Amino acid sequence: MMEAVANTGATDSEAVAGDATYETGVDEVELQQSLDAEYKRKKERLDQLEGEAREMRIVLAEKDTEIDMLREELCLTPVAQLKRTVENSVIFQKTRELGDRVKSSETFTKTSSTLSAAGQATSEAIGSAATKTGTAFSNAATSVKESQTWQGLGSRWRSASQSMKEKFSQEPAYSESSQNHEAEESQSYANTST
C-alpha cells in the first residue's frame, strides 16, 4: 500500500483516509450526496406536514365559526348553556319545589290576598287624596280670582298698561330748542374726537 502512496505522491494521512474510504466502500462524495438527499427528503416532508397543518387550522377555524353561528341561531350561547346547567341542577330543582310548596300554602295565600287588598286600598286613598287636592286648588284659584284684591289689581294693571300704550304710541314733538341742543352736542363731540 505504501507503494501506492509513493506512486501517487500522497501523504501518509491522506493514504490512511483513502484506505478507510476504500475499505468501507463509501466515498465522501457519495456520503455527502446521501446526506443531501436525506436532508432534502426530510425538508420536503416537513414542508408537506406544515402545509397540511395550516390547511387543517383554516378548516378548523371555519368549523368553529359555523359552530358559533349555529349556537347563536339555536340560542345556545354560554349564558343560555349556564342557565340550562343551573336549571338542571339538584339545588335549583329543590328550590323550585320549595317555592311551589310555599305558593300553595294557606299562609302565602292569605298574605297575598291581604297585600293585594292593602294595595287596592292604598291606590284608592291616593286617588281620592289627589282628587280632593285638585278640587281644593281649583276652588282656591277661583276664590282668589273673584276676590276684591285680585279685581283691584286687575283693574290697576289694565289702566297702567293702557296709559303706557297711549304714551308710547304718540310721536314725540321736537321743539327747535331741543333740535339746536342735539346739534350742539354732535358738534362738540366731533371737535373732541379730532
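Predicted model: local features only at pLDDT ≥ 70, side-chain atom pairs only at ≥ 80, totals over all residues.
Me: What elements make up the protein chain?

Reply: The protein chain has 8 helices and 0 strands. Read from the N terminus, the order is α-α-α-α-α-α-α-α. Helices (H or I, at least four residues) and strands (E, at least two) are DSSP runs, numbered from the N terminus.

Me: What share of the 194 residues is buried?

Reply: Buried residues account for 3% of the 194 residues in the protein chain. Buried means under 20% relative accessible area, exposed over 50%, and partly exposed in between (1.4 Å probe, protein chains only).

Me: What makes the pair of arginine 41 and glutamate 38 a salt bridge?

Reply: A salt bridge needs a side-chain nitrogen of Lys or Arg within 4 Å of a carboxyl oxygen of Asp or Glu. For arginine 41 and glutamate 38 the N to O distance is 2.5 Å, so the pair qualifies. Both residues are in helix H3 (residues 28–73), 3 residues apart, which is about one helical turn. Side chains of opposite charge can pair when their charged atoms come close.

Me: Are arginine 41, glutamate 38 and lysine 42 buried, partly exposed or exposed?

Reply: Arginine 41 has a relative accessible area of 48%, so it is partly exposed. Glutamate 38, at 31%, is also partly exposed. Lysine 42 has 52% relative accessibility and therefore counts as exposed.

Me: Which residues are linked in a network of salt bridges?

Reply: Glu38, Arg41 and Lys42 are linked in this way. Lysine 42 meets glutamate 38 in a salt bridge at 3.7 Å, N to O. These two residues are 4 residues apart in helix H3, about one turn of the helix.

Me: How many salt bridges does a search of the whole structure find?

Reply: The search finds 4. One of the salt bridges joins glutamate 106 and lysine 110, at 3.1 Å, N to O. Both lie in helix H6 (residues 106–146), 4 residues apart.

Me: Why is glutamate 106 called exposed?

Reply: Its relative accessible area is 54%, so glutamate 106 passes the cut-off for exposed.

Me: Why is H6 called oblique to H7?

Reply: The axes of H6 and helix H7 (residues 148–169) come within 5 Å and cross at roughly 60°. That angle makes H6 oblique to H7. Angles under 35 degrees count as roughly parallel, over 145 as roughly antiparallel, 65 to 115 as roughly perpendicular, and the rest as oblique.

Me: How do you know that cysteine 75 is exposed?

Reply: Cysteine 75 has 53% relative accessibility, so it counts as exposed. Cysteine 75 lies in the loop between H3 and helix H4 (78–87).

Notes: Residues numbered from 1 in each chain as written. Heavy atoms only, no water. Axes fitted to C-alpha atoms, helices over the stretch in contact; angles between N-to-C directions.
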